[in-house]
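Me: I am new to this structure and would like to understand the terms used for it, together with the values behind them. Could you take me through it with care?

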There are 2 protein chains.
Amino acid sequence: MPEVLDHDIREKFRRSGYTLTSQRRAVLEALSEARGHPSAEDVYLVVKRKNPRVALGTVYQALSVLEEIGVIESKHWSDSPTRYDLNLVPHLDVRCVRCGEVAEVPGVEMGDIDQQIQANTPYEVTRTAMLIEGLCPKCSGERNGA
Amino acid sequence: MPEVLDHDIREKFRRSGYTLTSQRRAVLEALSEARGHPSAEDVYLVVKRKNPRVALGTVYQALSVLEEIGVIESKHWSDSPTRYDLNLVPHLDVRCVRCGEVAEVPGVEMGDIDQQIQANTPYEVTRTAMLIEGLCPKCSGERNGA
DNA sequence: GACCCAATCAATAATCATTCCTGAAACGGA
DNA sequence: TCCGTTTCAGGAATGATTATTGATTGGGTC
Ligand SMILES: [Mn+2]
Ligand SMILES: [Mn+2]
Ligand SMILES: [Zn+2]
Ligand SMILES: [Zn+2]
């Protein structure tokens, strides 16, 4: 198991005032095990394997705290529960509309889109995100096969 | 009232095989009246003013049909019900995280982002969208005033 | 104009992700 | 150890959306 709880994470907890409880640690570990982009439910199932007493609500709370202090990120697709991501480096993710699998899309240059957006609206822009849907190779192949 | 039911729309109904019922026409009209980016509930309230018998479920059904045949578009933000838009020209919209108001963001050049995305994933990309959140001028001003 | 059939509708129940609530437990400092 | 605060587990509640179902409608046919 990689060193999930590095200095950076401990520091973010310290600065935020939140305590690093065993449940929050467990959620963090589950998130790094389930190397994909798990939903709250997915995380819950992993956490429960080691500690059957945790409730789904607790996982939601923990995820919310972790996101608030900037340790994880959430991504939202319509027609799907929220997915969580340990990868804090800005990047794009694509979700298969058929099976739900999420994969990263590296190497896309977004350029100055964010500045362009801010320059063209009187709103104070607080968040921008690229939403990508598609068919994964497996589902794309099965479309009229299997 | 502008000519909402232009040739284009009638033609899309004809080609799809769906019939242009009074309820669907009412939803379309409500959508063009509520010149913003109304939710299904918003549309429902407008429709109900003229025909109190329509049910919310009917509005959802009508919106779904209208989107399917390409007469309207839906946009999704987390923490908000789906918004519907008569403006079919590709464009960006920003939503105020405080009051929920949606406004268009003109003049942003997305460049070849979509091609870049498709070139960098084995997925067959079926949809991309830019999600923008912010504070509208009014809410931004009130942040530490009013 | 009466009749027929398929499409559509209204009303309501069900679903599902997420949040809220409550009393109990754990933690940290005086 | 005692106290106040934070966190937790469990379960109920919420809110948007979808599914179900039986009734209604409307357009074509005789
Ligand atoms: Mn990712
Ligand atoms: Mn718009
Ligand atoms: Zn797939
Ligand atoms: Zn606002």
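**Around the DNA**

Me: How many residues surround DNA strand C, and which are the closest?

Reply: DNA strand C is surrounded by 14 residues, the closest being Y60(A), T82(A), T21(B), Q23(B) and T58(B). They are called near because a residue is near a molecule or strand if one of its heavy atoms lies within 4 Å of it. Of the atoms of DNA strand C that come within 4 Å of the protein, 86% belong to sugar and phosphate. This is a predicted model, in which local features need pLDDT of at least 70 and side-chain atom pairs count only at pLDDT 80 or more, while totals for chains, interfaces and linings use all residues. Residues are numbered from 1 along each chain as its sequence is written, chains are lettered from A and ligands numbered from 1 in the order in which they are written, and side-chain values use heavy atoms, with hydrogens and water left out.

Me: What makes the approach of T19(B) to a phosphate oxygen of DNA strand C a polar contact?

Reply: A polar contact is a pair of N or O atoms within 3.5 Å (within protein, one must be able to donate a hydrogen and the other to accept it, and residues adjacent in sequence count only if both atoms are side-chain atoms). A polar side-chain atom of T19(B) is 3.1 Å from a phosphate oxygen of DNA strand C, so the pair meets the limit of 3.5 Å.

Me: Which residues surround DNA strand D?

Reply: Chain A places Y18(A), T19(A), T21(A), Q23(A), R24(A), R53(A), V54(A), A55(A) and T58(A) around DNA strand D, and chain B places Y60(B), P81(B) and T82(B) there. Sugar and phosphate make up 84% of the atoms of DNA strand D that come within 4 Å of the protein. Phosphate oxygens of DNA strand D are 2.5 Å from a side-chain N or O atom of Y60(B), 2.8 Å from one of T82(B), and 2.8 Å from a polar backbone atom of R53(A).

**Between the chains**

Me: How do you know that R127(A) and E133(B) form a salt bridge?

Reply: A salt bridge is a side-chain nitrogen of Lys or Arg within 4 Å of a carboxyl oxygen of Asp or Glu. The N to O distance between the side chains of R127(A) and E133(B) is 3.2 Å, so the pair meets that limit. Chain B and chain A have 2 salt bridges between them, and 14 residue pairs are in polar contact across their interface (both at pLDDT 80 or more).

Me: Which element of chain B gives the most to the side that touches chain A?

Reply: β5(B) gives the most, with 12 residues. Its name comes from DSSP, because helices (H or I, at least four residues) and strands (E, at least two) are DSSP runs numbered from the N terminus.
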